[in-house]
Amino acid sequence: MTQPIRVGILGAGRALFMAQCRDAFPDDLVLAGLCDIRKARAEKAVKKHRFDRVFPTYEEMLDDKGIDLVVIGTPDHEHAGQAIQALEAGKHVLSEIPAAYEITELERLIALEEKTGLVYAMGNEVRWFPYLETARKMADEGYWGRIFQSEAGYLHNLRLEGWRQTESETGEPHWRFDPQRPQTTFLGGGPHAFDTLRWLTGETNWVEVFAYGNEPYVEPHSEPANTVALLKGASGLISKVEASYVMVRPYCLYFNLFGDKGTFETSRQDSEGLFFTEQIPYMDRMEHLAVPYAARPGQGATGHGSSEIHMVEDIIQAIREHRPATINAREAARSIAPAICAYESIRTGQPVKIPGF
């Protein structure tokens, strides 16, 4: 009988998500432990979601030979270092976006994954949204023809939604709003747009980026909270990715594909797919894509429909089959390097070459 995968979670915020995945795959996953810098929060999550134990430190979790997979749900800038620690300790890794903040970190993740044979996965659950899976399948079947332009946007005003800006236990700034190092756009929610768009178009690598930013996010830090990047693909594809935390509008994650035979768009109002194609005779208007947005029919829903469950299912299968995950370290690097280089372009005011992976 196949042994279940024993999971350790770093960051109590991901306890609910993994508990839902455990319930979806009870024969495959055991929640073996949780670690959080706030002990009371860890103890509450362990009791509520039926974990085996609280680990007082991340190092003790990594030393535990009973842990097979580490799930990293910590502030963005810590992901790469903690993933590298886990791979060096012989653990598989599921990391929240982004995979890294630096190109050298991406290179280290790739080298470790390929040297050790361990599974690394960057957790962009948006690739498992049903309407986008359908759009990619239609692209493969020629509905859009040759895609020559693509666009994506991650528009998410956290303050408008009432997200907490300080920690209740300490009164310190929440890490997303920390004046010393606030969450960024392109490397915060932006990877949902970068990674999903590149996958939708079938582009292996973007090779150059020119980006702009304005509107500071947290005073007195100058980090721009409204950012736009123009990217050139190795195939000649032109892409635009925008990410904003200050637009005064409801949350929106959209994708547009423009080809020589058709167009796919996400409605910014209704979060659904729209399309037009010469492949279907007599079309004279954009039509609704009759596919659910984020949850497959009959599937239990998490915070992102059922997509997170299917993302974890991919990781379970990758571990079982001794193969890379869908968004493995090299695949993650192809999406995150452009975002890193976009910030260099904002700083320098010049186009920046993107290293190929």
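Among contacts in the chain between residues at least 6 apart in sequence, what share joins residues at least 24 apart? The share is 66%, where contact means heavy atoms within 4.5 Å. This is a predicted model: local features need pLDDT of at least 70, side-chain atom pairs count only at pLDDT 80 or more, and totals for chains, interfaces and linings use all residues. Residues are numbered from 1 along each chain as its sequence is written, and side-chain values use heavy atoms, with hydrogens and water left out.

**Overall fold**
- The chain has nine helices and 15 strands; these are DSSP runs, numbered from the N terminus, with helices (H or I) of at least four residues and strands (E) of at least two.
- The C-alpha trace spans about 60 × 55 × 40 Å along its principal axes.
- Of the 357 residues, 54% count as buried (under 20% relative accessible area; exposed is over 50%, partly exposed in between; 1.4 Å probe, protein chains only).

**Charge**
- The chain carries 37 positive and 50 negative side chains (Lys and Arg positive, Asp and Glu negative; His and the chain ends are not counted).
- The centres of the two sets lie 2 Å apart, with each charge placed at NZ of Lys, CZ of Arg, CG of Asp or CD of Glu.

**Leu230**
- Leu230 sits in strand S8, residues 224-233.
- Leu230 is partly exposed, at a relative accessible area of 46%.
- Not counting residues up to four places away in sequence, Leu230 touches Glu208, Val209, Phe210, Ser239 and Lys240.
- Val241 is eleven residues from Leu230 along the chain, and their C-alpha atoms are separated by 6.7 Å.
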